[in-house]
Each structure stands twice: as structure tokens, then as C-alpha cells.
Amino acid sequence: MNAEAVMDLESTEPVAGSHELTPGKVGMWVFLVTDALSFGGLLIGYASLRAWSPVWPVPSTVLDIPLTAFNTFLLICSSVSMVLAVASAEAQDRKGVIRYLAATIACGAGFLGIQAYEYHHLFSTGLSLSSSLFGATFFTLTGFHGAHVTSGVLYLSGLLAGVLAGKFVGPHESHIEIAGLFWHFVDLIWILIFTFVYLV
Amino acid sequence: MAEVLLTKTGLGRTTILSGLVAMSALKAAAVAAFYMHLRWERIWLTALALTPFVFTTLFAVVLILENGR
């Protein structure tokens, strides 16, 4: 990192033409980079096992694609509401932040509910972590992502409780933007998982 | 959803696969650029955000080469 970048990090003033870069935001980006490497390893593991395995089911014959497509739509909707929550926070619109954060949490909880239903259905058909390579990689990958959605819902719920208590909405508050980075990352990863695990 | 419709078109497997990869990459890039504000961030932050994709690609290439031996 060069001296200019260090100075930018230490500065509390927004830089013209760029969003304000706070230490918290940089910290979240560093965390997301390491997390993306974890997901990358899992996706490559899935792809290599699938490519070199003699037996692998066609995902569309085992998985409920229309249901998961709806779940994907739900997660994308949650990303839109998260964008609106961040915009409301920047505009210091407390009611808007509460409304859109609640909508994001509801969509995230809905995603988890549908995923739980999907898992229940798959378990009833005999697919599990130990039943086959497909089951092992499928549940590891989607379960790891589900754990992220769960932690995201808890994170946003904590944030919403803070907003209701009168915190986190102000001209220099970036807590909601930082939480938004995490939530959008979870959405971004799901786009890749949906394509590579469900559709390919 | 466009990806689901693409799988129903009856096109060749390679065409569908290429289309799916391109569409998901485009959507992921759009989320990072606009929702995560990377388009307006400093260049070093964008470079940092791209490192997982570089290393994952390297990992995939090494695996493919190793399997080819």
C-alpha cells in the first residue's frame, strides 16, 4: 500500500468522486476477500469432483429448479431493499432505514425457510452429506452459503435493533453501508452457486 | 429468469454452458460494481476485490494441468 492510500485511510473526509473509505469498510472488504477464497475453493472442489467423477446426477432431475429460481429472486429483491436502506441512511431517513432493513431481513429469512424446505425434501429422497459425492459437495456448498445468510440476517437484525434505539443513522455513519457490503456479497455468491450447482 | 430459460432452449451444451457462465459473471460483476460501489471506489480496492478470482482461476488451471499428467 502506498503512502497516498494510507493517508486516504486515515482521513475522515470524503474524497471527491469517491465514496468515503472508512477503516471499517476496508476491514469488511478484506474479510470478504478471504471469504471469497473459501467459496472459490469449495466451487473448484465441486467442479473438479463433478468433472472427474464417473457417476454424477443431472442437477435438474434431483433439485427443484423453479423453487430455487424463486429463492434466487427473493435474494436479489433483498439486495435491492438493502441498497434502498443504505440510500435512506445516507439521506438520514430513519423510517426508510427501518422499513428497508426489515424488508431485507424478511427476504433473507424467507430464503432460509425455502432452503430448509428444500433440504427436508432432499433428505426425504435419501440425499444427504454422506449418501454420495454430489450430496457431500451440494450440502457443503449450499450449507456454507446458508450459514452466511443466517449470520447476515442476525447481523442486520442487530443493526435494525440499533436503528430502532436511535443509532447508526447520521451523516458519517457507515455501519449500514458495511452491512450492505456483506449482504450483497452473499447475493453475489448465490448467483454463482445457482448457476454452477443448479443449472450447469 | 434468463438463465433458467436458457437451459430450456435446446441449444448445444457448450453454447448453454458459455451463456450461463457469461450471464452469471455479468450479474456478479454488476452487483460488485453498482450495489457494492466498486465502480466508485479507489482502484486498489477493486484490485483487492479481484484477487480471489485470480487465485481461484489459478487453482482451477493447476488442477486441470495436474489431472492431465
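**Notebook: a pocket and an interface**

I began with the largest pocket, where H2(A) gives the largest share of the lining, 14 residues. The model I am reading is predicted, so to speak with care: local features need pLDDT of at least 70, side-chain atom pairs count only at pLDDT 80 or more, and totals for chains, interfaces and linings use all residues. Residues are numbered from 1 along each chain as its sequence is written, chains are lettered from A and ligands numbered from 1 in the order written, and side-chain values use heavy atoms, leaving out hydrogens and water.

**Entry one: the pocket**

I noted what a pocket is here: on a 1 Å grid over the protein atoms alone, an open set of points where a 1.4 Å probe fits, with protein on both sides within 12 Å along at least five of seven lines; lining residues have an atom within 4 Å of a point. The largest one has a volume of about 1200 Å³, taken as the space filled by probe spheres set on the points. Of its 42 lining residues, A:Leu43, A:Leu192, A:Phe196, B:Phe53 and B:Thr56 are the closest to the centre. Two or more lining residues come from each of helix H2 (23-52) and helix H7 (175-199) of chain A, and from H2 and H3 of chain B. Helices here are DSSP runs (H or I, at least four residues), numbered from the N terminus. By class I found 33 nonpolar, six polar and three charged residues in the lining.

**Entry two: where the chains meet**

Next I looked up contacts (heavy atoms within 4.5 Å): 33 residues of chain B touch 44 residues of chain A. The two chains bury about 3300 Å² between them, 79% of it on carbon and sulfur atoms; this is accessible area (1.4 Å probe) lost on being put together, summed over both. On the chain B side, B:Tyr35, B:Met36 and B:Arg42 lose the most area, together 21% of what that side buries.

**Entry three: salt bridges**

Which residue of chain B does A:Lys25 pair with in a salt bridge? The partner is B:Glu41, with the closest N and O atoms 2.8 Å apart. The rule asks for a side-chain nitrogen of Lys or Arg within 4 Å of a carboxyl oxygen of Asp or Glu. A:Lys25 also forms a salt bridge with A:Glu177, at 3.0 Å. That pair joins helix H2 to helix H7 of chain A, 152 residues apart.

Technical notes. Ala, Val, Leu, Ile, Met, Phe, Trp, Tyr, Cys and Pro count as nonpolar, Asp, Glu, Lys and Arg as charged, and the others, Gly among them, as polar.
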